[in-house]
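Work through the following exercises with the sequence and the structure in view. Try each task before you read its solution.

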Amino acid sequence: MSAFHWINVGVDPSLESKLNPLWMLQNNFHEDDLIVVKLDIDTANIEMDLAQQVLNNTKYAGLIDHFYFEQHLYMAEMNGRFASTGANRPSISESLELFSALRKKGIASHFWV
């Protein structure tokens with residue numbers, strides 16, 4: 001495969017779906033490949049499913065070198081600026097716990113809000 005891929009198709013977070021980008025990683029790449037994942041598809045529930053898969057599957061700790069995730073958080077300061085009030089969004093503390101857990105598994109994890 002080429003060094004860079006832009007995959008402009010819908011995402012299916014089902015574990016065995018070929019439209020799950022993590023399925024592609026584990027079936028086409030090796031631990032000696034440099035893999036940088038940017039998770040930002042602006043669908044919070046699908047993003048969280050994929051982030052949890054990265055956290056819970058030990059194979060990803062060996063595959064993913066850097067994991068960038070724009071996690072959609074609840075921040076009271078942002079209420080009124082966006083349509084969502086933050087219902088069902090994790091808190092800043094919960095987000096930090098996720099990134100800490102990813103880092104403890106050896107995945108260099110980075111976020112922005």
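**Exercise 1.** How many aromatic pairs does the structure hold?

*Solution.* Before counting, note that this is a predicted model, in which local features need pLDDT of at least 70 and side-chain atom pairs count only at pLDDT 80 or more, while totals for chains, interfaces and linings use all residues. Residues are numbered from 1 along each chain as its sequence is written, and side-chain values use heavy atoms, with hydrogens and water left out. Rings of Phe, Tyr and Trp (its six-membered ring) pair if their centres lie within 6.5 Å, and planes under 30 degrees apart count as stacked, over 60 as edge-to-face and the rest as tilted. By this rule the structure holds 3 aromatic pairs.

**Exercise 2.** Describe two of the pairs, and state how covered their residues are.

*Solution.* A pair of aromatic rings is described by the distance of the centres and the angle of the planes. Phe67 and Phe69 form a tilted pair, with 6.0 Å from centre to centre and 50 degrees between the planes. Buried means under 20% relative accessible area, exposed over 50%, and partly exposed in between (1.4 Å probe, protein chains only). Phe67 is buried at a relative accessible area of 1%, and Phe69 is buried with a value of 1%.

Phe99 and Phe111 form a tilted pair too, with 4.8 Å between the centres and 40 degrees between the planes. This pair links distant parts of the chain, since Phe99 lies in helix H4 (residues 92-104) and Phe111 in strand S3 (residues 108-111), 12 residues apart. Here helices (H or I, at least four residues) and strands (E, at least two) are DSSP runs, numbered from the N terminus. Phe99 counts as buried at 1% relative accessibility, whereas Phe111, at 34%, counts as partly exposed.

**Exercise 3.** Is Tyr68 buried or partly exposed, and in which strand does Tyr68 lie?

*Solution.* Tyr68 lies in strand S2 (residues 66-69). At 31% relative accessibility, Tyr68 counts as partly exposed.
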